[in-house]
Amino acid sequence: MSPLVITAGEPAGIGPDLILQLAAEGHEVARPWLAVGDPALFRQRAARLGLAVEVVSLADGETPVMAPGRLSVWPVALRSACQPGRLATANADYVLESLDLAIAACREGRASAMVTAPLHKGVIIEAGHAGFTGHTEYLRDACGVDDVVMMLATDDALHARSPSWQGSPGLRVALATTHLPLREVADAITPASLGRVLRILDHDLRHDFGIARPRIAVCGLNPHAGEDGHLGREELEVIAPTLDALRGEGLILDGPLPADTLFTPRHLADVDAVLAMYHDQGLAVLKYAGFGRGANLTLGLPIVRTSVDHGTALDLAASGRADAGSLAVALNLAAEMAAARAASA
Ligand SMILES: NC(=O)C1=CN([C@@H]2O[C@H](COP(=O)(O)OP(=O)(O)OC[C@H]3O[C@@H](n4cnc5c(N)ncnc54)[C@H](O)[C@@H]3O)[C@@H](O)[C@H]2O)C=CC1
Ligand SMILES: NCC(=O)COP(=O)(O)O
């Protein structure tokens, strides 16, 4: 069974700490897992954290042996010594090489899914990768697909479940635009882009979450969804006509709805996912609902990729105060999705 791989992300952040915490406790999922990163970095960070973890470098093709206190690593060398909490542009290429290795392993079937610990977008851009905006877009380009969708969800909304499910519905929030300056958001929402995002969201809710007829609530862009055109015309001219056309294809869509009232329990009770128009419109609510207990996933890829719901937390690196809850959720989700895709292949 090919393993799950976790990229350690920004070396000065909490990614290495979180991976070591899971290794120390022997976090178990249905498949073996290993990390991608610098073995020396893991050893140094384990010493700083006082965690008794044996770090073992694996050769390509070797299967990780899972045991509490043991971390298997596909080695990638840091370019420069790492001080926890201090960013170094020299290590941007280490972060990207780790990603490339994990992506290639997933695409070639040597890994069954990838989980990403957080990276720091700014330091990668400052290192000279001017177009870099995040894992999501990097994965899209590396996998050669035109469009992907970022979706974050609270833990209780991450699993396929039976129609008789009585537990918390949780919250799934997908984004129509991802890492864009707010000034550029309105222009990026076109009938074509919105159509592509909604089709991917509908498809992946059916296939990865087992929802036969996904109900998607779509936020407006402007206050009060444009107030009949008095507070912006994107709802009338772009969003509503696009939703009408997609309803004609069979998608079940509600909206465009005022985002402030959409995110209330009564409205959310009847939907499987919300499509927010921009990053903070959706993710502020999601993080209020369950920061540290959710996961991020990239829809529309040929491989499984999940991630944490938080960033690099440079302030907490090597402190022992970083919470590994979201990484555990992301790893569990990756294992479930990999198993489901293998079963349906
Ligand atoms: N998947 C990824 O690679 C992501 C990367 N980022 C990047 O992270 C960097 C920092 O972003 P910020 O907005 O400062 O968000 P952040 O999530 O790193 O930190 C926000 C606050 O939450 C705390 N926090 C974060 N994770 C925590 C954890 N596991 N346990 C306990 N406390 C935790 C931090 O200490 C800080 O007070 C940026 O460069 C951003 O682009 C942000 C989100 C996701
Ligand atoms: N706020 C979520 C986020 O920034 C995640 O970005 P990505 O690196 O997963 O694309």
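Leaving aside its neighbours within four places in sequence, which residues is His279 in contact with? I started my notebook with that one, and I keep in mind that I'm looking at a predicted model.

**Entry 1: the histidines**

I looked up His279 and found contacts with Leu175, Thr178 and His179, once neighbours within four places in sequence are left aside. His279 sits in helix α11, which covers residues 279-290. I counted 18 other C-beta atoms within 10 Å of His279, so I put it down as partly exposed.

Next I went to His224. I found His224 in the loop between β8 (215-219) and α8 (234-248). His224 is partly exposed because it has 16 C-beta neighbours inside 10 Å. Skipping neighbours within four places in sequence, I got Leu231 and Pro258 as the contacts of His224.

**Entry 2: another annotated set**

The unreviewed UniProt entry also has a "binding site" annotation covering His135, Thr136, Lys287, Asn296 and Arg305. I checked two of these.

Is His135 buried or exposed? I found 25 C-beta neighbours inside 10 Å, so His135 counts as buried. His135 belongs to helix α5, residues 135-143. Not counting residues up to four places away in sequence, His135 touches Thr116, Leu119 and Ser307.

Lys287 is in helix α11. Lys287 has 17 C-beta neighbours inside 10 Å, so I wrote it down as partly exposed.

**Entry 3: the two ligands**

I then asked what surrounds each ligand. Around ligand 2 I listed Gly134, His135, Thr136, Leu283, Asn296 and Ser307. By class, that shell has 1 nonpolar and 5 polar residues, with no charged ones.

Ligand 1 has 21 residues around it, and the closest are Pro118, His310, Gly311, Ala313 and Asp323. I sorted the shell of ligand 1 into 7 nonpolar, 11 polar and 3 charged residues.

**Entry 4: domains**

How is the chain divided? I noted domain 1 (1-144 + 303-345) and domain 2 (146-300). The C-alpha centres of domain 1 and domain 2 are 28 Å apart. Where the two meet, 21 residues of domain 1 are in contact with 18 residues of domain 2. On the side of domain 1 that touches domain 2, the elements giving two or more residues are α5, β12 (305-307) and α12. The largest share of that side, 8 residues, comes from α12. By class, I got 7 nonpolar, 8 polar and 6 charged residues for the side of domain 1 that touches domain 2.

I also looked at Asp146, in the loop between α5 and β6 (149-154). Asp146 has 8 other C-beta atoms within 10 Å, so it is exposed. Asp146 and Leu301 are 155 residues apart along the chain, with 9.6 Å between their C-alpha atoms.

A reminder for myself: in soluble globular proteins, nonpolar side chains tend to be buried together. Here, the largest nonpolar core has 107 residues, and Ala113, Leu275, Leu331 and Ala334 have the most contacts inside it. Helix α12 (residues 325-344) gives the most to this core, with 10 residues. The core draws at least three residues from each of domain 1 and domain 2.

I followed up on Ala113. Leaving aside its neighbours within four places in sequence, I found Ala113 in contact with Leu4, Cys106, Ile303, Val304, Ala334, Met337 and Ala338.

**Entry 5: helix α1**

Why do I call α1 largely enclosed by the rest of the structure? I worked it out from burial: 9 of the 11 residues of helix α1 (residues 15-25) are buried, so the rest of the structure largely encloses it. The buried residues of α1 include Gly15, Leu18, Ile19 and Leu22. What covers the buried residues of α1 includes β1 (4-7), β2 (33-37), α2 (39-49), β4 (70-75) and α12.

Technical notes:
Residues numbered from 1 in each chain as written. Chains lettered and ligands numbered in written order. Predicted model: local features only at pLDDT ≥ 70, side-chain atom pairs only at ≥ 80, totals over all residues. Near = placed C-beta within 6 Å. Nonpolar A, V, L, I, M, F, W, Y, C, P; charged D, E, K, R; others polar. Helix = DSSP H or I, 4+ residues; strand = E, 2+ residues; numbered from the N terminus. Buried ≥ 20, exposed ≤ 12 C-beta atoms within 10 Å, placed from the backbone. Contact = placed C-beta atoms within 7 Å. UniProt positions renumbered as here; feature names shortened; annotations may be inferred. Core = buried A, V, L, I, M, F, W, Y, C linked by C-beta atoms within 7 Å. Domains from an automatic or database assignment.
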